Amino acid sequence: MKFQLESPFKPAGDQKRAINEIMEKFLHNQNEVVLLGATATGKTFTVANIIQKIQKPTFVFCHNKTLAGQLYAEFKSFFPNNRVEYFVSNFDFYQPEAYMPKTDTYIDKTATSNSEIEMMRLSAMNALVSRPDTIVVCSVASIYGTFDPKKYKSMFFELKVDQKISRKELLAALVKRGYRRNDYDWEPGSFKVRGDLIEIAPGWTNSYYIRISLFGDYVEDIAKIDTLTSTVQNKYSTFTIFPADDYVSERENTLRAVENIKKELKTRLDFFKKSNKLLEAERLRQRVNHDCESLEEFNSVSGIENYSLHLDGRKLGKSPFTLIDYFGDDFLTIIDESHMSLPQVRGMFNADRSRKTTLVEHGFRLPSALDNRPLNFEEFKNKLKKIIYVSATPGDYEMEIVNKKPVEQIIRPTGLIDPTIEVLPSENQIDTIVENLREAVKKGEKSFIIALTIKTSEELADYLKNYGFKIAYLHNELKTFERLHILNDLRKGKIDCVVGINLLREGLDLPEVALIMIIAADQMGFLRNTRSLIQIIGRAARNINGRILMFANNISRAMQEAIEETDRRRDIQIAFNKKNNIIPKTIVKEIYDPVEGVKKDPIMEDYLKTHRFKSSQSKEKILRVLKKQMLQSAKDLEFEKAAQIRDMIVEIRNG
């Protein structure tokens with residue numbers, strides 16, 4: 001199938017020019033392009049048009065789950081007839097294995113898996129190896145090791161009506177592909193046996209199961225059955241059964257891997273004994289021998305990923321297989337918010353390497369465990385083909401690649417203009433803040449104040465409350481519940497202003513905010529560099545009355561660059577509006593409470609006040625309600641909302 005873009009809109013503003021420029025660069029073999037798109041210019045719609053024109057599998061990479069969820073929902077709406085998949089970490093909570101030599105403290109891996117995300121990950125892998133019209137929206141989970149795509153594809157099993165296969169052969173084929181027999185419950189990756197009826201619950205969905213009807217040693221019927229209603233949704237003459245899990249190894253391959261693991265163990269034990277590290281040697285001997293016994297007996301073991309080098313048959317030091325390998329040799333890559341996403345790739349490898357090196361040195365893991373890792377930056381880049389870096393503030397790395405000649409998308413089809421910027425002296429800044437807050441409250445507008453330190457934020461919030469303003473303070477110690485309630489209350493008018501430090505940047509979409517005041521704007525650093533300032537300014541770009549007040553004794557280089565760039569974008573948009581007789585209007589966005597059903601519960605109200613539950617039963621009750629809301633949000637494609645509820649579940653469960 002081909003990609004079929006469906007949208008009631010046509011490219012407008014800068015979108016048409018940006019699409020043509022990107023396609024022109026690709027046609028002239030320039031395989032890396034930077035799309036510098038201002039906030040709310042419709043960058044995702046531009047990218048969707050590129051996908052439609054290029055017609056290649058597309059890898060969309062971003063730096064967090066929430067943003068991935070938003071992009072997934074948007075691409076799903078643009079390409080309803082194609083495969084749009086979601087691939088992020090399948091853990092709601094994850095504490096990696098670690099060892100702290102100073103205190104001789106070993107921390108075992110602790111993880112809480114999310115079955116819904118596990119199914120979506122498996123669905124993404126299946127789509128990539130079976131259909132070219134696939135878009136996968138990914139977080140950094142995509143640079144971590146997974147199964148060899150060639151071996152994974154070799155585990156596919158095709159059934160046809162009238163095919164000769166005995167009941168025993170069919171069941172053996174299912175077990176070989178990771179399916180477990182369960183005659184009592186519908187669990188993804190399981191099957192039921194009722195005489196000549198075999199019912200298979202696929203590992204990639206819980207909305208339907210496959211019913212295979214045998215007549216003797218022949219396949220008589222293959223039907224797709226709705227899990228809830230048990231009605232027949234479809235019938236097939238041919239059906240491909242994918243593996244039940246994303247890491248399924250054939251028995252012979254596992255036994256070969258065990259032999260190599262034992263050889264490596266012997267070498268490592270000799271090293272420890274020669275170094276007189278007898279404790280480390282005994283520790284490693286017990287663990288690895290136990291794991292080998294589990295692999296031989298059950299074809300699996302807890303922490304199997306640490307033996308991926310041997311299971312994959314890779315050479316020491318060779319990069320692991322990742323989801324990117326499933327895209328084949330010719331695909332398109334979109335790196336969203338590239339100024340944040342690319343540095344995260346670098347950081348993931350370094351942090352993982354440091355932690356595992358300590359485990360290896362102290363006998364908790366074999367040296368080959370170091371190759372169960374994320375890709376390093378060079379490996380990541382070498383796997384990519386055509387790349388579009390998308391950001392309102394591209395990083396130096398991306399800009400150097402294109403010789404500081406990005407494709408610009410500045411004009412907003414809505415006509416909205418970047419906010420005005422005024423630089424005011426730090427002297428008497430509190431009086432100025434109070435005066436501007438009063439003016440904003442009179443107009444019914446909402447405000448942000450961005451300070452540089454926690455102490456300044458707390459003191460300023462307390463001081464402004466004395467003037468009768470309804471003030472809230474956002475900081476990193478607040479629970480997800482509290483953060484969401486504060487931002488919702490701001491939108492609903494219960495709060496006039498939010499004071500914060502660095503929680504008011506990428507991804508915060510609050511069109512009611514018209515005034516942003518930045519304290520110590522001239523203090524150069526991560527929180528006040530050019531990109532940070534432009535991102536902060538963009539938070540007021542969804543309101544027609546957007547204003548930015550920067551308090552500073554001097555105009556720093558970052559301030560000057562941010563002001564010049566914002567003014568340039570304003571001039572371009574104003575000229576476009578005049579030419580096309582566009583009158584900009586503030587964006588209207590629905591206000592929803594992601595935990596409306598839970599918040600009204602007296603147990604939840606009590607928890608919000610005390611941050612603890614009176615009993616384990618009350619805690620479990622709230623967790624059940626939250627999980628139900630999370631799953632419903634995911635089904636409704638409200639992934640930002642689902643991710644927020646997921647964070648609440650994790651905080652309550654581990655709080």
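Ile622 lies in helix α20, which spans residues 616–635. The model is predicted. Ile622 is buried, because its relative accessibility is 1%, below the 20% limit. Beyond residues up to four places away in sequence, Ile622 touches Val598, Asp601, Ile603, Met604, Phe613 and Ile652. Lys465 is 157 residues from Ile622 in sequence. In space, the C-alpha atoms of Ile622 and Lys465 are 33 Å apart.

Nonpolar side chains in soluble globular proteins tend to be buried together. In this model, the largest nonpolar core has 56 residues. Phe59, Leu159, Ile200, Ile212 and Phe380 have the most contacts inside this core. Helix α4 (residues 115–130) provides the largest share of the core, five residues. Phe380 touches Phe59, Phe61, Ile143, Ile324, Ile335, Leu342, Val345 and Leu375, with residues up to four places away in sequence not counted.

Helix packing was examined for α7 (residues 251–274) and α8 (residues 278–298). The axes of α7 and α8 are 10 Å apart. The angle between the two helices is about 175 degrees. The pair is therefore roughly antiparallel, since angles over 145 degrees count as such. On the α7 side, the contact includes Arg251, Thr254, Leu255, Val258, Ile261 and Lys262. Leu265, Arg268, Leu269, Phe272 and Lys273 of α7 also take part. These α7 residues meet Leu278, Glu280, Ala281, Leu284, Arg285 and Val288 in α8, along with Asn289, Cys292, Leu295, Glu296 and Glu297. The contact residues of α7 and α8 divide into twelve nonpolar, two polar and eight charged.

Side chains of opposite charge can pair when their charged atoms come close. The structure holds 32 salt bridges. One of them lies within α7, where Asp270 pairs with Lys266 at an N to O distance of 3.6 Å. Asp270 and Lys266 are four residues apart in the helix, so about one helical turn separates them. Asp270 is partly exposed, with 33% relative accessibility. Lys266 is exposed, because its relative accessible area is 55%, over the 50% limit.

A salt bridge also joins the side chains of Glu85 and Arg83, with N and O 2.7 Å apart. Glu85 is buried, at a relative accessible area of 7%. Arg83 is partly exposed, at 23% relative accessibility. The two partners thus fall on either side of the 20% limit for burial.

Another salt bridge pairs Arg568 with Glu408, the closest N and O atoms being 2.8 Å apart. This pair links distant parts of the chain, 160 residues apart. Arg568 belongs to helix α17 (residues 557–580), and Glu408 belongs to strand β19 (residues 407–409). Arg568 counts as partly exposed, with 28% relative accessibility. Glu408 is also partly exposed, with a relative accessible area of 22%. Elsewhere, salt bridges that share partners join Glu97, Arg287, Asp291 and Arg365 into one network.

Methods: Residues numbered from 1 in each chain as written. Predicted model: local features only at pLDDT ≥ 70, side-chain atom pairs only at ≥ 80, totals over all residues. Heavy atoms only, no water. Salt bridge = Lys/Arg side-chain N within 4 Å of Asp/Glu carboxyl O. Buried < 20%, exposed > 50% of the residue type's maximum accessible area, 1.4 Å probe, protein only. Axes fitted to C-alpha atoms, helices over the stretch in contact; angles between N-to-C directions. Parallel < 35°, antiparallel > 145°, perpendicular 65-115°, else oblique. Contact = heavy atoms within 4.5 Å. Nonpolar A, V, L, I, M, F, W, Y, C, P; charged D, E, K, R; others polar. Core = buried A, V, L, I, M, F, W, Y, C linked by side-chain atoms within 4.5 Å.
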